[in-house]
Amino acid sequence: MKPRSQSLYAWMLLFPALVLLSTFAFYPSIATLWSSLFTRGSARRPAKFNELGNYADLFADPVTWKVIGNNLIYAGVTIPVSIAIALLMALWADSRMPAKSFVRTAYFTPTMLPMIAAANLWLFFYTPGIGLFDRIIGVFGFDSVNWLGQPETALWSIILVTIWKESGFFMIFYLAALQTIPPELKEAAIIEGTSRWTYLRRVVLPLLMPTTLFVLVNALINSVRLIDHLFILTKGGPDNATKLILYYIWELAFSYLDAPHAAAMTVLVLIALGIVATIQFRLIDKRAHYR
Amino acid sequence: MKLGNSPLISLDSIGALFLALAWISPLLFAIWAAFHEPTHAIDFDLAAPWTLDNIRAVWSQAPWLTYLANTIFLVTLVLAGQFLLCTLAGFAFARFEFRGREVLFLMVLLQLFILPEVLIVENYAIVSNIGLFDTTLGMAMPYMASAFGIFLLRQAFKAVPRELEDAARVEGATWMGVLLKVYVPVARPTYLAYALVSVATHWNNFLWPLIITNSTDTRPLTIGLSLFGAPESGVDISMISAATLMTIAPLLLAFLIFQRQFLQAFITSGIK
């Protein structure tokens with residue numbers, strides 16, 4: 001086939017995918033940016049160009065800062081903790097022990113559940129008075145706590161569910177990576193009389209570095225995306241204590257019908273994701289194994 | 001502690017087992033609650049009788065079979081679309097030389113980070129404008145041209161030895177023939193892995209279906225479950241647990257039976 005007709009053929013193959021990608025990813029990204037620059041129109045008053053007014057409104061609104069702060073705490077806690085637990089799980093699930101396949105399955109099972117179902121399961125733990133957590137602390141003589149109903153504990157309760165949900169998912173990547181470490185390394189370490197901690201720190205962790213980077217990017221994306229449980233557990237309350245960015249975008253657009261401010265908020269998230277993407281592509285260039 | 005010759009029963013295995021129990025305890029308590037009267041469920045009275053009343057009550061209170069059919073239709077439609085579009089696009093990127101290929105591929109990769117979830121507001125407007133609001137097709141379309149699928153299949157196709165293609169060509173196969181007879185069969189493990197991940201993802205999807213559906217005829221299980229469990233519906237913990245178990249049962253059972261394949265699928269899709 002001649003190069004010209006090859007090229008034509010390739011574009012034909014790509015055409016359907018490009019149409020849908022443009023319609024549901026590229027066009028809406030640009031449309032979001034565009035509509036973030038206009039006021040909310042109505043039947044009587046058409047939308048007017050508002051420059052960066054919507055962004056100024058957002059930044060002037062303490063709720064925005066509360067939501068961004070919440071999401072930073074959410075990311076700042078769920079990412080390192082779930083990665084650390086995932087690593088621990090993988091080390092355990094990879095070692096010699098009884099009931100190994102049960103252990104592995106138990107760790108991974110939350111990954112297979114919808115977030116909305118996970119939230120229902122956890123309701124049973126958090127319900128004040130009758131929930132399991134209250135019973136446990138009751139044994140030690142503490143008073144009942146309204147875990148989801150008070151600002152001091154609500155966000156942490158949400159964070160716990162997320163950690164529970166994603167740790168097992170990250171575990172499998174560590175598990176796969178652990179199995180590629182040559183057994184000779186461990187044998188050599190045993191002969192040298194290396195302690196377990198040194199072996200972990202000097203041999204295993206450096207070899208797992210590419211996996212950690214891959215998991216880190218996934219965890220970052222999840223810290224924006226995993227919000228379904230809010231719909232069941234708190235609806236962003238009490239007093240915005242658990243409101244996260246994506247939930248807030250949904251609320252602005254579909255509860256308050258305020259598309260322009262939702263668009264401005266979306267643009268901020270897209271910028272953040274763009275930064276993550278840039279870092280990620282750099283890492284690919286540096287031949288971290290994720291390709 | 002030294003490496004090697006660790007005893008089978010050690011502090012580690014106790015820790016691992018304890019964590020495993022903690023990790024499935026929400027599920028275990030849901031099973032406990034779903035099969036007990038609400039009062040017994042809360043008391044943890046181990047002698048309390050087991051009952052199917054909750055399941056029966058939940059079953060009769062919502063159109064679960066319709067929700068289930070909707071979910072199955074949704075994941076099938078998404079997967080069929082993904083297979084078709086990503087196969088064609090992946091093949092083009094893997095096997096053809098054309099101007100702008102690199103730039104185009106980079107744009108596809110960029111979509112990995114523009115999460116469909118983030119663009120819900122505009123996508124809602126687009127789907128409504130083309131008249132697909134509250135349809136399964138409208139719910140499925142934004143996910144069909146999956147950058148992730150294109151990427152995975154491109155990798156799989158690139159790994160196919162050229163000799164296989166040349167052999168097919170000698171026998172007079174066209175481009176389509178080569179794709180269907182040589183590339184697709186070789187990439188079968190990738191298709192399987194991708195299918196499992198895709199089905200699991202869309203079976204569990206919530207936010208987008210919440211926005212784009214408005215009737216029992218299109219709502220998937222996740223939406224049905226959230227409507228059923230809403231606080232204003234006044235159902236108790238036993239009913240919620242029963243409904244939750246019912247909605248997660250199909251996928252969970254499939255996972256428990258085909259566990260190895262599922263784990264392998266998630267690993268393949270992540271590392272390739």
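Buried here means under 20% relative accessible area, exposed means over 50%, and partly exposed falls in between (1.4 Å probe, protein chains only). This is a predicted model, where local features need pLDDT of at least 70 and side-chain atom pairs count only at pLDDT 80 or more, while totals for chains, interfaces and linings use all residues. Residues are numbered from 1 along each chain as its sequence is written, chains are lettered from A in the order in which they are written, and side-chain values use heavy atoms, with hydrogens and water left out.

**Salt bridges**
- Over all chains there are 8 salt bridges, each being a side-chain nitrogen of Lys or Arg within 4 Å of a carboxyl oxygen of Asp or Glu.
- Asp258(A) pairs with Arg40(A), with the closest N and O atoms 4.0 Å apart; the two sit 218 residues apart and link distant parts of the chain.
- Asp258(A) counts as buried at 11% relative accessibility, whereas Arg40(A) is partly exposed at 45%.
- Arg196(A) and Asp12(B) form another, their closest N and O atoms 3.0 Å apart.
- Arg196(A) is in helix α9 of chain A and Asp12(B) in helix α1 of chain B, so this pair joins two chains.
- Arg196(A) is partly exposed at 36% relative accessibility, while Asp12(B) is buried at 17%.
- Arg56(B) bridges to Asp53(B), again with closest N and O atoms 3.0 Å apart, and both lie in helix α3 (residues 53-61) of chain B, about one turn of the helix apart.
- Arg56(B) is exposed at 54% relative accessibility; Asp53(B), at 39%, is partly exposed.

Terms used. Helices (H or I, at least four residues) and strands (E, at least two) are DSSP runs, numbered from the N terminus.
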